[in-house]
Amino acid sequence: MYARIAGTGRYLPPKVLTNADLEKMVDTTDEWIRTRTGIQRRHIAGPDETTSSMATEAARNAMEMAGVGPRDIDLVVVGTTTPDVVFPNVATLVQANLGIRDTPAFSLETACSGFVYALGIADKFIRLGDSKCALVIGAECITRLVDWTDRGTCVLFGDGAGAVILKPSEEPGILTTILSADGAYGDLLSYPYGVSKGFDQLRAGAPAAIQMKGNEVFKVAVNTLSRLVDQTLAKAGIDREAIDWLVPHQANLRIIQAAAKKLELPMKQVVVTVTDHGNTSAASIPLALDTAVRDGRIKRGQTLLLETFGGGFTWGSALVRY
Ligand code: COA
């Protein structure tokens with residue numbers, strides 16, 4: 001038994017922030033941002049938008065494509081690092097918005113790897129026969145954590161949500177997943193304020209923002225993803241020539257290019273959306289996937305490699321027969 005993707009969906013907030021807008025906010029240039037990251041614009045959640053509201057819209061899209069209703073869904077998993085509130089968790093908020101009842105519903109926080117982790121876990125529910133229709137979401141309101149005076153980080157991030165519906169199938173679907181992490185790298189990329197740590201500083205109004213040693217993150221990301229590609233192909237027992245599409249985490253075009261080079265895959269077989277929405281953390285892979293499914297690039301029967309890397313560090317991959 002396999003878990004097969006029956007539908008995909010996405011949501012991006014209407015407000016767009018271009019590189020030209022950022023030039024007016026910090027000491028940066030469109031040229032610097034494009035050449036170092038590939039990013040041209042990003043979407044910013046409005047004051048009334050939340051991670052769960054964006055997740056709900058993406059879920060509606062995916063449910064429509066899959067032709068399923070709230071009563072069909074028996075599992076909701078959301079990867080997010082920016083929940084609306086501490087609790088109820090985002091998956092239960094989505095449940096309530098969509099009228100899904102009496103199912104497991106939980107969120108997991110593995111930063112940019114949130115969607116791949118959520119997919120890996122839902123895949124296991126389906127393979128074990130514990131789910132017949134899973135809603136898997138990556139959603140993020142990460143710009144709320146950004147310091148808009150820090151040019152080193154504020155140019156990188158954007159908000160959004162993406163979703164898939166998984167159903168059991170005897171035809172191949174998700175072929176294999178790898179989920180991994182190494183907490184020794186935690187300090188290189190973090191938002192070190194929360195509930196049991198840094199709460200008093202936050203309440204006192206201390207400046208809090210994403211902290212990142214960009215250069216070092218870059219190097220570990222490229223090396224780890226290179227290893228991950230080999231591990232994934234070996235675990236699935238397939239050659240790299242079998243990959244039709246690389247659907248990578250959209251953090252930085254140069255990191256994506258390095259992964260494509262490792263696979264000896266021309267860039268025309270790589271789904272690149274970082275240009276249009278920046279790094280949306282856990283939302284980025286399902287956003288890219290839905291974009292390429294709906295514009296007809298990704299077709300049924302093709303083999304996709306999803307790979308991700310994020311704060312923690314966490315990383316993971318999924319090899320998928322679409
Ligand atoms: N505009 C103009 N100059 C900028 C800038 C900006 N937005 N941000 C940084 N700079 C400057 C730096 O201050 C530095 O100046 P200096 O040489 O005078 O000190 C110079 O550009 C080079 O900075 P550096 O950080 O070495 O640049 P880089 O080539 O490593 O690119 C990143 C920076 C952030 C784009 C890159 O490191 C990166 O993408 N890292 C990975 C980040 C990531 O993907 N994180 C999420 C993982 S999920």
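**Exercise 1. Locate Ile298 and describe its surroundings.**

Solution. Ile298 sits in the loop that joins helix H11 (284-294) to strand S12 (303-310). Helices (H or I, at least four residues) and strands (E, at least two) are DSSP runs, numbered from the N terminus. The model is predicted: local features need pLDDT of at least 70, side-chain atom pairs count only at pLDDT 80 or more, and totals for chains, interfaces and linings use all residues. Residues are numbered from 1 along each chain as its sequence is written, and side-chain values use heavy atoms, with hydrogens and water left out.

Next, burial. Ile298 has 4% relative accessibility, so Ile298 counts as buried (under 20% relative accessible area; exposed is over 50%, partly exposed in between; 1.4 Å probe, protein chains only).

Then contacts, meaning heavy atoms within 4.5 Å. Neighbours within four places in sequence aside, Ile298 touches Trp245, Val247, Val271, Leu289, Ala292, Val293, Leu304 and Tyr322. Val271 is 27 residues away along the chain, with a C-alpha separation of 9.3 Å from Ile298.

**Exercise 2. Describe the packing of H3 and H4.**

Solution. Start with the geometry. H3 (residues 51-66) and H4 (residues 90-98) pack at about 55°, their axes 9 Å apart. Axes are lines fitted to C-alpha atoms, for helices over the stretch in contact, and angles run from 0 to 180 degrees between N-to-C directions. H3 and H4 are therefore oblique to each other (angles under 35 degrees count as roughly parallel, over 145 as roughly antiparallel, 65 to 115 as roughly perpendicular, the rest as oblique).

Now the residues. From H3 come Thr51, Ser52, Ala55, Thr56, Ala59, Arg60 and Met63; from H4, Val90, Leu93, Val94, Asn97 and Leu98. The contact of H3 with H4 holds seven nonpolar, four polar and one charged residue.

**Exercise 3. Classify the packing of H8 and H9.**

Solution. The axes of H8 (residues 214-236) and H9 (residues 253-262) come within 10 Å and cross at roughly 30°. H8 and H9 are therefore roughly parallel to each other. H8 contributes Phe218, Ala221, Val222, Leu225, Ser226, Val229 and Asp230, and H9 contributes Arg254, Ile255, Ala258 and Lys262.

**Exercise 4. Count the disulfides and check Cys141 and Cys154.**

Solution. Apply the rule: a pair of cysteine sulfur atoms within 2.5 Å. The count is zero. For Cys141, the nearest cysteine sulfur belongs to Cys112, 14 Å away. Cys141 counts as buried because its relative accessibility is 6%. For Cys154, the nearest cysteine sulfur is that of Cys141, 16 Å away. Cys154, at 0% relative accessibility, also counts as buried.

How values were computed. Nonpolar A, V, L, I, M, F, W, Y, C, P; charged D, E, K, R; others polar.
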